[in-house]
Amino acid sequence: MRVYAPLGTAQALDRYLAEPDVTAGITARRTLPARPPDLCPFPEWLAPPLRGALERRSFRGLYRHQVEALDALRAGEDIAVVTPTASGKSLCYHLPVLQAVFEDPSARALYLFPTKALSQDQLAEVRDLSALAGMDLAAAVYDGDTPAPMRSVVRSAGQVVVTNPDMLHAAILPHHTKWFQLFQQLRYVVVDEAHTYRGVFGSHVANVLRRLARICAHHGSSPRIICCSATIGNPKQLAETLTGRSMRVIDRNGAPSGEKHVVVVRPPVIDERTGTRAGAGGFARRAALSFLRAGRQTIVFGRSRVAVELLLTGLREALRTGRGPLDRVRGYRGGYLPGERRRIEAGLRSGEILGVVSTNALELGIDIGRLDAAVLAGYPGTIAGTWQQIGRAGRRQEVSAAILVAGAGPVDQYVASHPEYLFRSSPEEARLDPDNLHVLLGHLRAATFEIPFAAGERFGAVPADDLLAFLAEEGHVRQADDGRWYWASENFPASEISLRVAASENVVIIDTGGPRPRVIGEVDLFAARTLVHENAIYLHESRQFHVDRLDWEERKAYVRPVDVEHYTQAELAVTLKPLETFAESALAAGGRAHGEVMVSSLATIYKKLRLETNENLGWGRIHLPEIELHTTAYWLAVDPAAVAGWRRAELDVALVGSGRALQTVASVLLMSDPRDLGMVAQVRSPHLERPVVYLYEAVPGGVGLSPRLYERHAELVRGARELIAGCPCRDGCPACVGPRSETGEDARGLARRLLALLKVERASPSRAA
C-alpha cells in the first residue's frame, strides 16, 4: 500500500516519470535555471510612506522592470508591462497610483480586470499596501455585486475604482455625468491581463476604451494607460490597437525564479486503427498523486468543470486508499460561492491546503501563494495561458516542477509533438479588429448617446461622419444646425451590445434549473446553431448545461445544469463564395489569397464525443434554417495541372485532411480558439474553377485573422506538414487530418502530398484567384 511520505519536488517528479508508460510518452523535458533578482534602488521621488511600506514587506529595492515602468509613467508615457506570472506586475500600477493619491488626494484611478475574482484580489492588495503606508485610501469594486447604497459612495468618493470592461461599458460610461469626480481627476487607467482582450471581445473592449477616452477629454482629463500582459508575440501592437495610444513596452524581467523542471507528456495510442489515445486525466491524476504523497503543494488544471470534478474525485479516492493527505485537497471553479473560493485561496497561501484542482479560474494573477508543482490536464489553448498555469509553481527560489499532459485533440497533439513552441519566444499573436463594422457601429451609437459628435470628429482611425450619416438614415442619430451629431432614439444603445459576441442579434441563454429562470449568457446568431442547438451540451464558466429547447424565433435557448462525460460538436454544411480578393500571390503549384467572402451554412448533425478521448458516442440531427455570414477568409488554390493524375476521391480526402491540419496550426499560431476559424474544402470551386481550401473567420466581418494567415503562410504550411509527419498514426486520426472514418484511406499521405505543392512560392507572381 502506498503511503504519504515527504520527498523533494525533483524526486517526486522523477518517481512519476519513471513509470514505463509515462517514460515512453515524454516528448520534452527542460530544466529552466534559477535566475537571481535584478534589483534597482527605490526611485528618489517615491513618497517616504510608500517606501516604508515596501521595506516593512522586506523589499530591499524594486525589480528592474518595476523601476522602468515607474520612471516611464513619471515621464508621461503610456506603458505595456509584459513579464511572466508572479513577477510583480501589480506594483507597476499600484505604486504610481498610490504616489498620485499621496501627492493629490483628489487624484483618481480606474482598474479594469477581466474577472471578478481578480478584481477582489487586487483590491485587497492595494488596500493592504496603502494601509502599510498609513494612507486612508478610498478603494472599492464596482460591479454587478456592488450593493446599491455603496454605488453612490464609490461614484462620489472612490479614489481607486475597480471594475471590468462589461460594467464600464454598460453602467459607467453611459452615466458619466454621475461620475464626474472620477473622470475630471482620472490620472491612471489600468488594463490588466491585456492578452485576454483578443478576437471579438478585444475588439469590443478597444471600442469601450475609445468611448472612455472621449469622456475623459470631455471632462478635461488625459490619464496615463498601464497595460499588463502575459508574454505574447505582438504585445506592442496589441496594446496600441486596444488603447489607441503609442505604448512603451517594458519586458526586461527583473524578478527572481528558482530552478524549474518542465515536462511534456503525450499519453500512448491505445487503438492503432483509429489513432485513439489514452486520456489526459488519468496521467495527470497520477502525476498529482506523486507530488501530493510527497507533501508537495500542487495545483492541477482541468479544462472544464466536469474535468475538474473527475480529477478531484479520482485524487480523493486514490488518497483514501493510499493514506494520503485526503482532507487537504480541494476543488476550485466558477460554480463555487465567492466565500468558499476566498477560503481556498487563503488555505493555499497559508499551506493548510496541499492540493487544488482548478479550471482556468486560477490561471490569472490571483494570489494563492507559492506552489511546488503544476499539472496541466490538457493544453490550455494558448502558449501564454500555458505559461501562466506553469508559472503557478515556483514562486520562490526553490526547485519546482510543471507537467503538461496532452489531450487527445489535434491542437494538444500538435503542441506535444512540437514542444519547441513552448520553450522559445512565443510565436502567438493576440489579434483584434476594433474597426469591424459589426462591432464599431454599436459603439458609435453608444458614444453618440454619451456625448454628441462634432463634425469631422474621429472615432478610431478615421472621421465618423460617414458612419453617423448611415446611422441617421436608420433614425438613430440626427445632425443639428450646429453641425454636431446627436442621439435621436429612445433606445439605450449600450444595453443592446454584448462585449462577448459580434452580431447585433443574439440568442439569450436561460438556465431553468434553479428555483426561477435566470439569464446566464448569450451567443450570437451564427454561433447559436452549433453551441445551443437542442440536445447540445453548452459550457458556461466551465459548467455544463443541457439545451432542452431552442426557440429560434424568440432567440432564446433554455438550458439546465448537468454533469456528463461528453461534449457535443455540431457539423455545418457550408458553401462559400469569394466576393473580393484583398491580396494574392503565386505558389509553386497554386496560389494563396485573402479577402471578403459570403458563407452560407446549415447546421446538419451533432456528435457526442467523450471528454477524455474524443471517442464518438452517438449523433443526432439539427433542425434549424440556413443563414449567411459575411466575413473574411484566407485560401489556398491548387493548380489543376499539378493534380491532373489524382482521382477525385483522393483529391477530396487530401483537401479535407490538409485543411484540418492547417486549421489546427492556425489556432496555435494566432492564439485563437479553434472554433474561431471554419474550414471549407472544394474539389472544384465554382468561383475559382480549381481545388481550394478556405479558412474563414467564424465572426461577422472578421477580426483580422485572415490577413495574418496570409502573411504567415510559410509557417502555417510548414507547421501543417510537420503535424502530419510527426503523427504516429498510419492513415490519419483525430490528432492530424481528422478521424479515419470521415476522411478515408491514406488521408495522411494524401494530405502531405498536397501540402508539399503549396509550400514554395514562384519567383514571379501570377494570379491565383
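The structure is a predicted model, so a few ground rules apply: local features need pLDDT of at least 70, side-chain atom pairs count only at pLDDT 80 or more, and totals for chains, interfaces and linings use all residues. Residues are numbered from 1 along each chain as its sequence is written, and side-chain values use heavy atoms, with hydrogens and water left out.

A cavity here is a set of points, on a 1 Å grid over the protein atoms alone, where a 1.4 Å probe fits but cannot get out, and its lining residues have an atom within 4 Å of a point. Points are joined across faces, edges and corners, and the volume is the space filled by probe spheres set on them. The largest cavity comes to about 70 Å³. Its lining is made up of Val189, Leu209, Leu212, Ala213, Cys216, Pro223, Ile225, Thr243 and Arg245. By type, that lining splits into 7 nonpolar residues, 1 polar and 1 charged; Ala, Val, Leu, Ile, Met, Phe, Trp, Tyr, Cys and Pro count as nonpolar, Asp, Glu, Lys and Arg as charged, and the others, Gly among them, as polar. Helix H10 (residues 199-219) gives the most to this lining, with 4 residues. Helices (H or I, at least four residues) and strands (E, at least two) are DSSP runs, numbered from the N terminus.

Next come the nonpolar cores, each a set of buried Ala, Val, Leu, Ile, Met, Phe, Trp, Tyr and Cys residues joined through side-chain atoms within 4.5 Å. Buried means under 20% relative accessible area, exposed over 50%, and partly exposed in between (1.4 Å probe, protein chains only). The largest core has 118 residues, and within it Tyr111 and Leu662 touch the most other members. Helix H21 (residues 648-669) supplies the largest share of this core, 10 residues. There is also a second, separate core of 44 residues, including Met167, Ala171, Ala194 and Ile215.

Setting aside residues up to four places away in sequence, Tyr111 touches Tyr93, His94, Val97, Val126, Val160, Val161, Val162, Thr163 and Val190, where contact means heavy atoms within 4.5 Å. His94, one of these partners, sits in helix H5 (residues 91-103) and is buried at 0% relative accessibility. Beyond its neighbours within four places in sequence, His94 is in contact with Tyr111, Gln122, Glu125, Val126 and Leu129. Over in H21, Thr664 is buried too, at 6% relative accessibility. Leaving out neighbours within four places in sequence, the contacts of Thr664 are Pro410, Val411, Tyr414 and Leu723.

Helix H4 (residues 64-74) is mostly covered, with 8 of its 11 residues buried. Among them are His65, Gln66, Val67 and Glu68. Just after H4, Gly76 takes a positive phi of about 90°.

On to charges: side chains of opposite charge can pair when their charged atoms come close. The whole structure has 27 salt bridges, each a side-chain nitrogen of Lys or Arg within 4 Å of a carboxyl oxygen of Asp or Glu. One of these joins Asp38 to Arg64, with the closest N and O atoms 2.7 Å apart. Asp38 lies in the loop between strand S1 (26-32) and strand S2 (39-40) and Arg64 in helix H4, so this pair ties together parts 26 residues apart in sequence. Asp38 is partly exposed at 28% relative accessible area, and Arg64 is partly exposed at 28% as well.

Glu450 and Arg211 also meet in a salt bridge, at 2.6 Å from N to O. With Glu450 in helix H18 (residues 437-450) and Arg211 in helix H10, the pair ties together parts that are 239 residues apart in sequence. Glu450 is buried at 9%, and Arg211 is buried at 0%.

Ser58, with phi near 70°, is in the loop between helix H3 (48-56) and strand S3 (62-63) and is exposed at 62%. Arg555, with phi near 60°, is in the loop between strand S24 (543-551) and strand S25 (556-561), but counts as buried at 18%.

Definitions and conventions:
On a 1 Å grid over the protein atoms alone, a cavity is a set of points where a 1.4 Å probe fits but cannot get out, and a pocket is an open set with protein on both sides within 12 Å along at least five of seven lines; lining residues have an atom within 4 Å of a point.
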